[in-house]
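Have the sequence and the 3D view ready.

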Amino acid sequence: MINYLQHHQINKEKWDECIDTSVNGIAYVYSWYLDVVCKNWSALILNDYEAVFPLALNSKFKISYLYQPFFTRYLGVYSKIAITENLVNAFLEAIPSTIQFIEFNIHENNHFENADFQKKERFFQFLDLNKAYQDIFQEYKGDTKRNLKKAKKNNLKIHENIAPEKIVDLFRHNKGKQIKELHSQDYVMLQNLMTACNNHKCGIALGVTNTANELIAAGFFIRSMHQILFLKGSANAEGKALGAMYLMIDELVKSYAQKIDSFDFGGSSLESIASFNHNFGAKNCVYLQVKKNNLPFVVKLISGKY
């Protein structure tokens, strides 16, 4: 039986144990991660935490809606048992009918057929690390190899344990300028998220400096579920010109080749970002954005959500 539980009713120890032992677990859906990105998340839970489905719930003008929180790629079904279309359909049907608008993403193995939900394909990129570094390096595209030579020629250095506030500050003043949806409170959330990852011993914080020991690129990564997940990172103008991000990603690939299953770039459907990831030999993976709109017609008209 699938039950809907509000945030205060969720047994987080059982929740995290389910994620740990699920067939498709990922860091985004640990209870402590969700607590940072969506403080009042609720959930659908099968029996005694055999399978779970987090719900990022909010309301506006007394209208309840589900959304995709910042700094997560997807939600969906996470399960100790096989994830079938019937199981995914059952969870989708169990979403409370009082929620009038739904728009979020689900894990790539959450296949379903339900005419009430619209589906749209989205992409992320991942790199198989179950082989020797030299074999992975051979599949790097020309841009990656050229940028690595440039970074080494200019004596760029990799540093560990960069403070979250330095990574967020660099990101905010470079890549963040292109993301109009992010506001001051979201950068605070991002820093809190990095701190939470460090507290749970799964954060990897790297930086790249020039010969003047100035930070020109930085990134935060999460080691979890036999993979490295790229959370956020950025380079300033000098870092971009000198190939600093290429050096940082290559360092991680070199360090973890044959030690974990994959490097998850976090990825994007945007061609510019996907192209960077593909230059490392990363492959596309398809996941789904799902949408259901039961808003009254007048609300649809005013909000522009159809």
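**Starting from one asparagine**

Leave out residues up to four places away in sequence, and Asn 147 touches Leu 242, Gly 243 and Tyr 246; contact here means heavy atoms within 4.5 Å. You'll find Asn 147 in helix H5, residues 142-153. Helices (H or I, at least four residues) and strands (E, at least two) are DSSP runs, numbered from the N terminus. With 13% relative accessibility, Asn 147 counts as buried, because buried means under 20% relative accessible area, exposed over 50%, and partly exposed in between (1.4 Å probe, protein chains only).

A quick word on the ground rules: this is a predicted model, where local features need pLDDT of at least 70 and side-chain atom pairs count only at pLDDT 80 or more, while totals for chains, interfaces and linings use all residues. Residues are numbered from 1 along each chain as its sequence is written, and side-chain values use heavy atoms, leaving out hydrogens and water.

Now hop to Leu 170 in helix H6, residues 164-172. Leu 170 is buried too, at a relative accessible area of 11%. Setting aside neighbours within four places in sequence, its contacts are Leu 215, Ile 216, Ala 217, Ala 218, Ser 234 and Asn 236. Ile 216 sits 46 residues from Leu 170 along the chain, yet their C-alpha atoms are separated by 8.1 Å.

Last stop: helix H10, residues 271-278, where Ala 274, Phe 276 and Asn 277 are buried. Looking down the axis of H10, its buried residues fall within an arc of 155°, so they line one face of the helix; the arc is that of the directions from the helix axis to the C-beta atoms. These buried residues pack against strand S8 (118-128) and helix H9 (244-256). The face of H10 turned away from its buried side carries exposed Glu 271 and Ser 272.
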